[in-house]
Amino acid sequence: MRVEVDEQRARAVGRALGPVVRSAPLDPFDDPRYYPPRGASKRDVAAYFLVMVAMDHRLSRPGRDYEGVVDGELYHGADLLYRLGSKRFAEDRSFFEAERLAKVTTKDVLEWLTARGRDGREVRPPDPDVRAELLRDLGSKLLKLYDGDPYLLVAESGGYLRRGVGDGFIDRLKVFKAYQDPVEKKAFLLAKFLERRGVLPVQDPQDKELPIDNHLTRIAVRTGIVDVDRNTLERMALGDEFEPFEDVQLRMAARLAYRIVAQSAGVDPFALDDFLWTFGRRCCTLEAPSCVRGCDARCEGAGGCSAGRCVLAGVCRASADKLYMVPEHRFLETWWY
């Protein structure tokens, strides 16, 4: 498999996205439907996001969407996960304490994260046993290493993402199984949430990276900021399962490419991630990207369309070469992202 970063195209994508990202308001992540309300303590906010990001991976599988109704409203994927998380936080805040997490069972996870679909059938997250194990590991290590206080992770890092030999916030997270992804998607997603909520005052913004999930990887390949060989494109189109080392290779290239995009755009990497994540869900979607189906209100509302065209139409490789209009690479059995 050949994977390369196209620096020239990444700079062009950055120039195209700079004005869009700079004009978009930053999400404060305080919508009570999904997150702790304003006024919650830093310790409680840290505990909530540490748990929720640990669970934030591969919620839907082929033919089995994670989509359910909560209080009369339909939620999908991560929206459903965080809606159920916020509901649990409001009803039983002690669930997020280290002592409780260390004893979590698969049954607990299923009772918490199961909802009813529109047809009334139960909707459950995949791999509940894995999710329970990740929470137990999180709770037990918080007790052993941080006296059960998740805010000490922030305090002892001094607000640095990287510092010394493993003393920064990102490196401290690696002791937990949920945060051992080689490309550090969950770790940087957690850092973004905590910075935005005023819990993690990042002292080294030059060390920020985008949390590279499936949406961002798909966009990177389609736009061409990550260039891969024809055989790899064909494997993506056919839905072949990728090996873990191939997934890491792709996402590390995407991480580097997006660093160049952010620098060229002159924007904060976490702000760029806000836009790209929404762009991947509303515009450059898995099966019906806006450049194929046409712009709609959801994409326009995300800032992904302007004057009836995708904002990346002039720089996206797939807009000129349909060979690159591939779905995301298939790598399902993971808790990395």
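1. Cysteine 283 is buried, because its relative accessibility is 0%. This holds for a predicted model. Cysteine 283 is bonded: its sulfur lies 2.1 Å from that of cysteine 299, and the two form a disulfide. Cysteine 299 also has a relative accessibility of 0%, so cysteine 299 counts as buried.

2. Which hand does the disulfide of cysteine 283 and cysteine 299 have? The torsion about its S-S bond is about 115°, so the link is right-handed. Cysteine 283 sits in the loop between α13 (269-282) and α14 (290-293), while cysteine 299 is in helix α15 (residues 297-301), so the bond ties together parts 16 residues apart in sequence.

3. Another disulfide joins cysteine 295 to cysteine 305, with an S to S distance of 2.0 Å. The link is left-handed, with -85° about the S-S bond. Cysteine 295 belongs to the loop between α14 and α15, and cysteine 305 to strand β7 (residues 305-306). The two cysteines are 10 residues apart, and the pair links distant parts of the chain.

4. Are cysteine 295 and cysteine 305 buried or partly exposed? Cysteine 295 has 24% relative accessibility, so cysteine 295 counts as partly exposed. Cysteine 305 is at 11% and therefore counts as buried. The cut-off for buried is under 20%.

5. How many disulfides are there in total? The count is 2. With bonded cysteines counted along the chain, the pattern is 1-3, 2-4.

6. A disulfide needs the sulfur atoms within 2.5 Å. Cysteine 284 is buried, with a relative accessible area of 11%.

7. Cysteine 316 is in no disulfide either. Its nearest cysteine sulfur belongs to cysteine 291, 6.3 Å away. Cysteine 316 has 14% relative accessibility, so cysteine 316 counts as buried.

8. Now helix α2, residues 42-55.

9. Helix α2 is mostly covered, with 12 of its 14 residues buried. Among them are Asp44, Tyr48, Phe49, Leu50 and Met52. The buried stretch also includes Val45, Ala46 and Ala47, as well as Val51, Val53, Ala54 and Met55. What covers these residues? The cover includes α3 (78-91), α4 (98-101), α5 (106-113), α6, α7 (151-157) and α9.

10. Is aspartate 127 buried or exposed? Its relative accessible area is 18%, so aspartate 127 is buried.

11. Glutamate 184 is another residue to check. Its phi is near 65°, again positive in a residue other than glycine. Glutamate 184 is placed in the loop between α8 (169-172) and α9 (185-196). At 5% relative accessibility, glutamate 184 counts as buried.

Notes. Residues are numbered from 1 along each chain as its sequence is written. This is a predicted model: local features need pLDDT of at least 70, side-chain atom pairs count only at pLDDT 80 or more; totals for chains, interfaces and linings use all residues. Side-chain values use heavy atoms; hydrogens and water are left out. Buried means under 20% relative accessible area, exposed over 50%, partly exposed in between (1.4 Å probe, protein chains only). Helices (H or I, at least four residues) and strands (E, at least two) are DSSP runs, numbered from the N terminus. Contact means heavy atoms within 4.5 Å.
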